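Trainee: Could you take a close look at one part of this structure with me and follow what surrounds it?

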Amino acid sequence: MKLCTVLGSTVSTIKHPCYGGRKLLVVQPLSLAMEPEGPSFLATDAVGAGAGETVLVCEEGRSAMLVFERPDRTPLRSAVVAIVDHVDLDTGRGPVRHAFSGAPARPKPGRRGG
Amino acid sequence: MFFAKVMGKVVSTIKDEGAHGKKLLVIQPTDHRLKPVGGPLVAFDAVGVGVDEVVFVESGREAGVAWDGPEIAADATIVGLVDRIDT
């Protein structure tokens, strides 16, 4: 998975039926320094993430079909599968914790886990 | 399958149900000389490794079938700890 920050969402009226009412998020991959790195891309939302949150994006077609409970033939590859609370890193200069406050509190329609 | 160095761990409360109870680690993919290749990734841990260790990682659909039980949504899973690379 890629560690990404959610930049925003995309509005599209005409789209493939497999996308249903799912949110299409614009995500930006992060480096180990938690800085933007590489080009942004689109991912469908499986957990109720919003702008400003740090998420994990899974880029594997079969996985996207599993989280969205879609049949085998679905043109969908990238899915936001987790909202990150914090990341503990040790890049050689001692342990560093990056905690993410994320977006303002609001109801999350996605699946919850522990 | 590729080499990677484990850089840290990820904690997430809200996640896909298949990810419950599974360790998520930040990894830096490397070549066989342990030179970083590309940006960091987050992978599931199927073998029990720790920070600073050199591992090998399987990507793609097969990453989701490393455990007993139903296939999970994963695109990278640590499937081995590297003792030594002879080249």
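Trainee: Is P95(A) buried or exposed, and how many other C-beta atoms lie within 10 Å?

Mentor: P95(A) is exposed, because 10 other C-beta atoms lie within 10 Å. The cut-offs are these: 12 or fewer such atoms make a residue exposed, 20 or more make it buried, and partly exposed lies in between, with C-beta atoms placed from the backbone. Before we go on, a word on the ground rules: this is a predicted model, in which local features need pLDDT of at least 70 and side-chain atom pairs count only at pLDDT 80 or more, while totals for chains, interfaces and linings use all residues. Residues are numbered from 1 along each chain as its sequence is written, and chains are lettered from A, and ligands numbered from 1, in the order in which they are written.

Now to the neighbourhood. P95(A) sits in strand β6 of chain A. Leaving aside residues up to four places away in sequence, P95(A) touches D88(A) and D90(A); touching, or contact, is counted when C-beta atoms placed from the backbone lie within 7 Å. Strand β6(A), residues 95-99, pairs with β5(A) in the antiparallel sense over 5 bridges, and pairing takes at least two bridges found by DSSP. In that pairing, H86(A) stands opposite A99(A). The hairpin of the two strands has 4 residues between them, and G92(A) takes a positive phi near 105° there.

Chain A has 1 helix and 6 strands, in the order β-β-β-β-α-β-β from the N terminus. These elements are DSSP runs numbered from the N terminus, with helices (H or I) of at least four residues and strands (E) of at least two. β5(A) also pairs antiparallel with β4(A) through 5 bridges, where E59(A) stands opposite S78(A). With β3(A), residues 41-45, β5(A) runs parallel, joined by 2 bridges; T44(A) has A79(A) as its bridge partner there.

β5(A) reaches across to the other chain too. It pairs antiparallel with β1(B), residues 2-15, over 7 bridges.

The largest nonpolar core has 51 residues, of which V55(A), L56(A), V80(A), V81(A) and V42(B) touch the most other members. Such a core is a set of buried Ala, Val, Leu, Ile, Met, Phe, Trp, Tyr and Cys residues joined through C-beta atoms within 7 Å. The largest share of this core, 8 residues, comes from β5(A). With residues up to four places away in sequence left out, V80(A) touches a list of residues including L25(A), A43(A), V47(A), V55(A) and V57(A).

Conventions. Contact = placed C-beta atoms within 7 Å.
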